[in-house]
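Please view the sequence and the structure before reading on.

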Amino acid sequence: MNLATKPARAYDWAAFRSEIDGIRVYDDPKQVELRSRDYFWYSPILSEDIGHFVGDLVVIPADEEEVRRVAAAAARLRIPITIRGGGTGNYGQCVPLEGGIILDMTKIDKVLSIEPGRVRVQAGARIARLDDAVRETGQELLMYPSTRRIATIGGFFTGGSGGIGSLRHGMLRDDGNIYSVKVMTLEPEPKIIELHGHDIQKVQHAYGTNGIVMELEIGLTEKTDWIHTAALFDSYDATLRFCLKALEEKLDCYLLTTVDRRFSRFYTKFGDLFPADRDAVFAMIAPEEQERFAELAASFGGRVSFSMTQDELHTNGLQPAYECGWNHTTLQALKAEEGWTYLQVAYPRPFDPETVMRQMERYGDDQYMHHEMARLEGEVQIFGLPLVRYKDRDDTYRVIRELEELDGCDIYDPHAFTIEDGGMKQIDTMQIEFKKLADPFGLLNPGKTRGWTADMAAKD
């Protein structure tokens, strides 16, 4: 059935409100609509497909016991729940396709314990506040999204895949990044399940369909006071080859991202630090690497544009380097100009810059190039997040086919709202069996995985 024609379902809201009496609830239509949204608007296709869906109520529990009461009531009354953190995901993970409850987790936000090499934290904690807390102990997070100021750690875990820090530490799913996860089941008598090691894959990047994530134990590393810097080059080819050499030379970087010169008009705060006639590499480097970074850039005809601590950036009214990479680049462009969307591209390994040069020639001003240096399963992996001029749905998928068939790239489709169609993860038997355990009635974020069908739901 087409989502647009799916019949509305009636839920027993009087009974639900009675069962959760005393827990904070919003039913103002504007507030509910606001919390039924994430950054799916990056995609005109998603805007068309799911942009009209809204929940019925927003519930904001204050602690684990209140989450348990909400889960129990929803299970008894068969009301779906869509879990929400900071709402910075961009695949529609927070959009309730069958209405129901928007469960806002942002008050479940305590940092529970910090030990050498790991931190235990509640799922609703804002990532920036969490990083501040662990940095006070001489440690830092292994990675975070470019939206770290708004995003929650639970939202990053269930909807994200990697980000700033992935050059050093790989993707979220790689071993050693997440140690354990505590999940609450959605049933009349909710249970707590703890997952460790590889078992966390049952809920990682599952869009909140496989249980309510309550706590995480995540890895830490020694704190570095990263220098935010940029180097300017005469060609985009030079930016890519510089980055490959930096990786070969094991330059200590937390972020290494290339942005072509056509993005400069979206980075207005930088002015002459990112002019329209130079391609840029934005980076976060260890303090002792500044001289080596500058020398290496010069060997490719580049020059350092700026090199500052985060405090110095703030004093000068400049944004941090982590807001110049990953999907913040897309965000800055889309806020400035209409008519664009983006793609997520994984390039064949080993990476060949000539592939990008062919793409730039093929697409011209219909694509602005942006690449991220990262690691996946221990190997260097180059990702592209190009800004793509949007024409229509058919043209978007024509471009995707070309990138796959002509260039051998893998596409993680940001215009799809199901886990499988996004391509970052496939739902297998293990995950479906866990969903039967954690969400036996199929009430968590329904419609976001094709692996679950209605006949799998428990009957009573």
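In strand E13, phenylalanine 282 is the bridge partner of alanine 230. Helices (H or I, at least four residues) and strands (E, at least two) are DSSP runs, numbered from the N terminus. The model is a predicted one, in which local features need pLDDT of at least 70, side-chain atom pairs count only at pLDDT 80 or more, and totals for chains, interfaces and linings use all residues. Residues are numbered from 1 along each chain as its sequence is written, and side-chain values use heavy atoms, with hydrogens and water left out.

Strand E11 (residues 227-233) is joined to E13 (residues 279-285) by 7 bridges, and the two run antiparallel. Two strands count as paired if DSSP finds at least two bridges between them. E11 also pairs in the antiparallel sense with strand E14 (residues 303-308), over 5 bridges; there, leucine 232 has arginine 303 of E14 as its bridge partner.

E11 is mostly covered, with 7 of its 7 residues buried. Buried means under 20% relative accessible area, exposed over 50%, and partly exposed in between (1.4 Å probe, protein chains only). In a regular strand the side chains alternate between the two faces of the sheet. In E11 both faces are covered: Ile227, Thr229, Ala231 and Phe233 lie on one side, His228, Ala230 and Leu232 on the other, and all are buried.

## Nonpolar cores

A nonpolar core is a set of buried Ala, Val, Leu, Ile, Met, Phe, Trp, Tyr and Cys residues joined through side-chain atoms within 4.5 Å. The largest has 44 residues, and Ile153, Val181 and Met284 have the most contacts inside it. Strand E10 (residues 212-222) gives the most to this core, with 4 residues. A second, separate core of 35 residues includes Leu167, Cys253, Tyr347 and Leu403.

Contact means heavy atoms within 4.5 Å. Leaving aside residues up to four places away in sequence, methionine 284 touches several residues, among them Tyr144, Ile164, Trp226, Cys253 and Tyr322.

## A sheet of three strands

An open sheet of 3 strands has the order E15-E20-E17, with antiparallel pairing. Strands E15 (340-342) and E17 (367-368) stand at the edges with a single partner strand each, so one side of each has no neighbour in the sheet. Between E15 and strand E20 (residues 387-389) there are 3 bridges, and tryptophan 340 stands opposite arginine 389 in E20.

## Aromatic rings

The structure holds 27 aromatic pairs. Rings of Phe, Tyr and Trp (its six-membered ring) pair if their centres lie within 6.5 Å; planes under 30 degrees apart count as stacked, over 60 as edge-to-face and the rest as tilted. Two tilted pairs are listed below.

| Pair | Centre to centre | Angle between planes |
|---|---|---|
| Tyrosine 267 and phenylalanine 270 | 6.2 Å | 35° |
| Tryptophan 326 and phenylalanine 383 | 6.3 Å | 50° |

Tryptophan 326 lies in helix H11 and phenylalanine 383 in strand E19 (residues 379-384), so their pair ties together parts that are 57 residues apart in sequence. Tryptophan 326 is buried at 12% relative accessible area, and phenylalanine 383 is buried at 8%. Tyrosine 267 and phenylalanine 270 are both buried. One aromatic cluster is formed by Tyr267, Phe270, Phe274, Phe282 and Phe306.
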